[in-house]
Amino acid sequence: MRQSASVLAAALLLSLLSGATACSRAPEGAALAPAAAPAVPVDDGVPGAEEDPAMGAGAAQGAVKDAHVGEPVRVDGKQVGKHLQAVLGAYVDPAVSVEANYAPPAGKRWVAASMSFVNVGGASYGALGRMWAYDSAGQRHPVVPTGELTTGKPLVFDSLAVGEQAEGWVVFEIPENARIVRLQYQDANTQPNSGGGFWAV
């Protein structure tokens with residue numbers, strides 16, 4: 001009996017150690033980068049109501065339909081009471097700086113979007129999240145600082161009180177031969193593929 005109890009205890013210990021090891025491993029494909037800036041630029045589960053051949057098969061897995069110029073998109077933050085209404089007011093290609101000698105490097109060009117954000121929640125809204133421009137090959141391009149454009153001033157705000165609005169231009173630097181098909185905004189404090197909006201351009 002004493003020998004059987006020892007064997008049983010050893011088997012139980014081995015089982016617990018195996019379970020702990022399995023539980024401590026990160027799941028395959030887990031996002032290790034901050035949610036506001038996913039590390040994988042392609043095939044990152046971009047939502048879309050219909051499959052868009054230009055965006056790849058992964059784009060059709062979500063249920064969010066792309067908005068268009070002038071259509072508002074509600075962005076819900078992770079915290080209770082954090083809500084924005086985002087609108088793409090205009091899109092220009094190419095975008096040009098007011099500074100005559102300030103331009104993108106050779107082989108690149110700027111495109112820009114006029115965005116407005118209104119705090120429609122019940123609490124103050126903190127810093128702006130992230131935005132990207134997607135090209136027809138599925139590559140994602142982040143916002144770059146350029147200063148004032150010929151079309152207007154850049155979008156900047158630190159926080160928005162309830163009911164306040166901020167608007168301005170955001171600029172993306174892309175390859176000269178790239179064609180932008182979609183813009184994305186994502187709240188800074190949400191999980192990937194939530195708390196954001198998409199616009200077709």
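**Exercise 1. Find what share of the contacts in the protein with a separation of 6 or more joins residues 24 or more positions apart.**

Start with the criterion: a contact means heavy atoms within 4.5 Å. Next, keep the pairs with a separation of 6 or more; residues 24 or more positions apart account for 68% of these contacts. Before going on, note that this is a predicted model, in which local features need pLDDT of at least 70 and side-chain atom pairs count only at pLDDT 80 or more, while totals for chains, interfaces and linings use all residues. Residues are numbered from 1 along each chain as its sequence is written, and side-chain values use heavy atoms, with hydrogens and water left out.

**Exercise 2. Describe the aromatic pairs.**

Rings of Phe, Tyr and Trp (its six-membered ring) pair if their centres lie within 6.5 Å; planes under 30 degrees apart are stacked, over 60 edge-to-face, and the rest tilted. The count is 2 aromatic pairs.

Step one: why is the pair of Y102 and W110 edge-to-face? The ring centres are 5.3 Å apart and the planes stand at 70°, so the pair falls in that class. For burial, under 20% relative accessible area is buried, over 50% exposed and in between partly exposed (1.4 Å probe, protein chains only). Y102 is partly exposed at 35%, whereas W110 is buried at 3%.

Step two: F117 and Y185 have ring centres 4.9 Å apart and planes at 50°, so this pair is tilted. F117 belongs to strand β3 (residues 108-119) and Y185 to strand β7 (residues 180-186), so the pair ties together parts 68 residues apart in sequence. Both F117 and Y185 are buried.

**Exercise 3. Work out how much of the protein is buried.**

Apply the burial cut-off of Exercise 3 to each residue. Of the 201 residues in the protein, 35% are buried.

Key
Helices (H or I, at least four residues) and strands (E, at least two) are DSSP runs, numbered from the N terminus.
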